[in-house]
Amino acid sequence: MTETRHVKVLILGAGPTGLSAALYAARAELAPVVLTGMQLGGQAALTDVIENYPGFPEGVGGAQLGELFQKQAERFGAKVEYDLATEVDFSQRPYKVVADNGAYSADTLIIATGADPVHLNIPGEYEMTGRGVSYCATCDGWFFKDKKVVVVGGGDSAFEEGLFLTRYASSVTLVHRREEFRASAILQKRAQEHPKFNFILNTVVTEVEQGEKVTSLKLKNVVSGEESQFETDGLFIFIGHTPNTQMFKGKLAMSELGYIKVNDKMETGVAGVYAAGEAADPTFKQVITSAGMGAAAAIQATRHLEALEAESARG
Ligand code: NAP
């Protein structure tokens, strides 16, 4: 049987949220352990360049920023484990967490499990993922050198990733279901001025033609109802994210969309359990806000542990 490892602060997730929490908990000499989950560095690590994290006037690579976060947390004693938590038990303290490679008991837990891309749920999308359908331009853009790609979405992600794809692709066509965009003005301007960037508006993708590789999509104009075929070598989908919180269903209070409910101290309803970053944030979803929430959760966990210690010293 695997031994259970006891820690004062266990952090689930190693994106900006988890690694910032680790930095703060490590500097409070709590020797936090971070379980990375599936993606070291989180979603930020899949981003080519991050231009809005302060301190990097020229921008910083997403993966590079993740490495810097990790190095800084480790310098103060945080331990990063390449492991995925699969089960939690909040019925008694210390809390129990089962992961793929071991079991933990934790005095406090910081949930920084982030979010995953939303799927269109159209025929052919699932079957053609990895054969031309992608959710990550930084990961897959290189495969589309001198090829035509379609990007779906009207938010910052669609524009930012679409602009990144212009490095490789011969053309990038952004398909959006209405005429207005959510993306920030600066990204919209860059895309509109880019010679490789095109737009198809009021339109949805209804099907990905199946075959060896993506060759064409079915489109539908939502105003006229007109259907058409569009030839493309790739389909990149950026239509938002869902929080990775399934493990906590029925154990922590959540919104309808699955975001863990927290108060302004990152506290969930369970004492000593905090949630931060995109697992708990339906609103801001920025590297800086996630990092800030991670730090706040760790500060609160530190205070909680101090209070518990003072209580047990009083007997
Ligand atoms: P988002 O802002 O929620 O935008 C999602 C887009 O996808 C919307 O335009 C939405 O259309 C469209 N959409 C949603 N479901 C769809 C469906 N089933 N079919 C077709 N289109 C669909 O998501 P995001 O772009 O991933 O950004 C998430 C958050 O991260 C935002 O707060 C954003 O500011 C932030 N972010 C920031 C940066 C940056 O600052 N550099 C970069 C990336 C992301 P409607 O507009 O019609 O709803």
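Predicted model: local features only at pLDDT ≥ 70, side-chain atom pairs only at ≥ 80, totals over all residues.
Colleague: Thanks! What is the phi of Lys285 near?

Modeller: The general idea comes first: most residues other than glycine have a negative phi, and most peptide bonds are trans. In this model, phi of Lys285 is near 50°, a positive value. Asp146 also has a positive phi, near 60°, and is placed in the loop between helix 3 (137-140) and strand 11 (148-152).

Colleague: And which peptide bond is cis?

Modeller: The bond joining Arg93 and Pro94 is cis, with omega about -5°. Pro94 belongs to the loop between strand 6 (85-89) and strand 7 (95-99).

Colleague: How should I read burial: is Asp146 buried or exposed?

Modeller: Buried means under 20% relative accessible area, exposed over 50%, and partly exposed in between (1.4 Å probe, protein chains only). Asp146 has a relative accessible area of 61%, so it is exposed. Lys285 counts as partly exposed because its relative accessibility is 30%.

Colleague: Now helix 6, please. Is His304 buried or exposed?

Modeller: His304 lies in helix 6 and counts as buried, because its relative accessibility is 18%. Its side chain is joined to that of Arg93 by a polar contact of 3.1 Å. A polar contact is a pair of N or O atoms within 3.5 Å; within protein, one must be able to donate a hydrogen and the other to accept it, and residues adjacent in sequence count only if both atoms are side-chain atoms. Ser290 is in helix 6 too, and is buried, with a relative accessible area of 5%.

Colleague: Which residues touch the most other members of the largest nonpolar core?

Modeller: In soluble globular proteins, nonpolar side chains tend to be buried together. A nonpolar core is a set of buried Ala, Val, Leu, Ile, Met, Phe, Trp, Tyr and Cys residues joined through side-chain atoms within 4.5 Å. The largest one here has 31 residues, and Val9, Ile11, Ile50, Tyr53, Leu65, Ile110 and Val287 touch the most other members. Helix 6 supplies the largest share of this core, 7 residues.

Colleague: Finally, the ligand. Which residues come nearest?

Modeller: A residue is near a molecule if one of its heavy atoms lies within 4 Å of it. There are 19 residues around the ligand, of which Asn52, Asp156, Glu160, Arg178 and Arg182 come nearest. The side chain of Arg182 has an N or O atom 2.6 Å from a ligand oxygen, and for the side chain of Arg177 the corresponding distance is 2.9 Å. A polar backbone atom of Gly155 is 3.5 Å from an oxygen atom of the ligand.

Colleague: Which helix gives the most to that shell?

Modeller: That is helix 4 (residues 156-165), with 3 residues.

Terms used
Residues numbered from 1 in each chain as written. Heavy atoms only, no water. Helix = DSSP H or I, 4+ residues; strand = E, 2+ residues; numbered from the N terminus.
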